[in-house]
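Please look over the sequence and the model before reading on.

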2 protein chains.
Amino acid sequence: MGTKQRREREKEALRQDILDAARELFVKEGYENVSMRRVAEKIEYSPTTIYLYFEDKASLLYAICEETFAKLAKRMETIARDSDEPIEALRQVCRAYVDFGLKYPNHYKLTFINHPQHPQDDKRHLREESMGMRAYGNLRAGVEACISAKKFRETNVEAVTQMIWAGGHGITSLLISMPDFPWVKKNELIDLMIDTLLEGLSG
Amino acid sequence: MGTKQRREREKEALRQDILDAARELFVKEGYENVSMRRVAEKIEYSPTTIYLYFEDKASLLYAICEETFAKLAKRMETIARDSDEPIEALRQVCRAYVDFGLKYPNHYKLTFINHPQHPQDDKRHLREESMGMRAYGNLRAGVEACISAKKFRETNVEAVTQMIWAGGHGITSLLISMPDFPWVKKNELIDLMIDTLLEGLSG
DNA sequence: ATAGTATGTTTAACGGTGTTAAGTGAGAGG
DNA sequence: CCTCTCACTTAACACCGTTAAACATACTAT
């Protein structure tokens with residue numbers, strides 16, 4: 001009867017348990033420093049059980065990143081909707097991106113820094129539907145709005161989007177991966193970057 | 001007699017052989033994908049021999065990075081010496097930085113992207129005398145020249161230097177770690193970033 | 001009710017990793 | 001000629017991601 005549905009619910013629950021355990025460990029100690037055996041220990045199952053729910057360690061990671069980046073994409077969309085001045089909206093989208101990275105440094109590392117080494121064809125992160133790409137799309141929309149409103153000198157949407165992304169990513173990734181460097185105050189640095197880029201783009 | 005000196009020469013030669021083998025493998029296949037055993041095989045010694053010359057795998061890496069970043073620092077110094085227009089000099093220093101990263105992507109990864117995870121206290125890369133820091137110092141000098149010549153609105157040398165670094169690093173690291181992303185033409189992107197930053201900084 | 005099957009989980013193992021402790025063997029010094 | 005030093009190797013440790021095979025339980029069909 002309903003046993004089939006119950007079973008399915010239980011399977012889904014375990015899948016979520018694995019995800020939760022892995023997220024906590026990955027975020028606390030970093031992907032590279034957490035073994036499948038440790039994740040298994042945390043959920044009190046044998047290591048191989050995880051492989052019944054996820055293809056491999058990278059897939060586990062990917063699932064977690066998608067979850068988290070969905071949040072970023074959503075926040076970006078909210079900002080875009082709630083603002084009508086395109087430059088101000090773009091500025092806030094950039095802030096949201098950097099703040100997000102600094103708030104979830106290990107998630108950020110996983111999708112944008114460590115990422116999929118290069119074992120042949122792990123291009124999941126680049127799929128149109130991936131959350132990382134959705135976030136990129138939101139940034140792109142913000143840039144497009146500015147260009148449509150004739151606020152920017154340069155009109156190559158793709159180039160401007162990628163440059164702004166690189167600016168945000170540069171700050172985020174450096175702050176994350178070199179925490180011991182004598183940085184000036186974080187907010188000052190972030191604002192200087194965003195302001196300088198927007199100023200430089202404005203006709 | 002001179003045997004002691006000969007021995008010392010031979011030791012030094014082997015040390016260099018190890019370095020050469022490791023460099024070639026690391027650069028070709030990436031640090032993470034090369035094992036100590038493979039390095040040993042290449043020089044036709046047993047794996048443990050390497051540990052008589054280098055403390056561990058990370059130290060081997062560090063030595064290689066220092067070598068390579070010395071080159072970058074040198075090139076930057078040459079550019080600075082051969083130019084008298086400070087903005088143009090800074091532009092070229094930035095180009096040199098990015099070009100260098102794209103030319104030696106695995107070296108770049110090693111010092112600025114992957115680098116010392118966070119096992120307590122591997123702050124070698126941040127030592128004043130390290131070559132990476134020397135390169136940073138060169139960038140800083142370029143920025144200082146522009147500020148002294150009253151070319152920039154913002155006058156916080158450290159903040160401007162770090163922002164420009166972040167801009168260059170953002171582009172370099174994204175191009176390196178996401179080679180499959182549909183980037184616009186590399187040179188266009190690099191120039192757009194540098195031009196926009198310099199334009200945005202100019203009063 | 002019993003036999004058979006599908007399902008979820010575990011045990012054991014493979015081939016790898018960085019690293020260390022103990023052993024070997026050739027050449028220098030007495 | 002013997003001893004000792006020291007560069008080097010062998011063997012091992014404790015891990016890693018992953019897979020094939022065994023197992024136990026719970027459902028199905030006779």
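## How the two copies are related

Copies of a chain are superposed by least squares on the C-alpha atoms of residues with pLDDT of at least 70 in both. The structure shown here is a predicted model, and in it chain B is superposed on chain A by a rotation of 180° with 0.0 Å of shift along its axis, at an RMSD of 0.2 Å. That is the relation of a two-fold axis. Both copies use the same surface, since 97% of the contact residues of chain B recur in chain A.

## The contact between chain A and chain B

How many residues does the contact take from chain B and from chain A? Chain B gives 35 residues, while chain A gives 34 residues. On the side of chain B that touches chain A, the elements that supply two or more residues are α7 (157-177) and α8 (186-201) of chain B. The largest share of that side comes from α7(B), with 12 residues. By residue class, the side of chain B that touches chain A holds 16 nonpolar, 12 polar and seven charged residues.

## The surfaces near the DNA strands

Around DNA strand C there are 18 residues, of which S46(A), T48(A), S35(B), D56(B) and K57(B) come nearest. At least two residues of this surface are supplied by each of α1 (3-29) and α3 (47-50) of chain A and α2 (36-43) of chain B. The surface near DNA strand C divides into six nonpolar, six polar and six charged residues.

DNA strand D is surrounded by 16 residues, and the closest are S35(A), D56(A), K57(A), S46(B) and T49(B). Here the elements that give two or more residues are α2 (36-43) and α3 of chain A, and α2(A) provides the largest share, three residues. The surface near DNA strand D is made up of six nonpolar, six polar and four charged residues.

## A helix pair within chain A

Within chain A, the axes of helix α5 (residues 86-103) and helix α9 (residues 186-201) come within 11 Å and cross at roughly 145°, and the crossing in which α5(A) passes α9(A) is right-handed. From α5(A) the contact is made by I87(A), R91(A), C94(A), R95(A) and V98(A), and from α9(A) by I190(A), I194(A) and L198(A). The residues of this contact divide into six nonpolar, no polar and two charged.

Methods
Residues are numbered from 1 along each chain as its sequence is written. Chains are lettered from A and ligands numbered from 1 in the order in which they are written. This is a predicted model: local features need pLDDT of at least 70, side-chain atom pairs count only at pLDDT 80 or more; totals for chains, interfaces and linings use all residues. Two residues are in contact if their C-beta atoms, placed from the backbone, lie within 7 Å. Helices (H or I, at least four residues) and strands (E, at least two) are DSSP runs, numbered from the N terminus. Ala, Val, Leu, Ile, Met, Phe, Trp, Tyr, Cys and Pro count as nonpolar, Asp, Glu, Lys and Arg as charged, and the others, Gly among them, as polar. A residue is near a molecule or strand if its C-beta atom, placed from the backbone, lies within 6 Å of it. Axes are lines fitted to C-alpha atoms, for helices over the stretch in contact, and angles run from 0 to 180 degrees between N-to-C directions. A crossing is left-handed if the near helix is turned anticlockwise from the far one by less than a right angle, and right-handed if clockwise.
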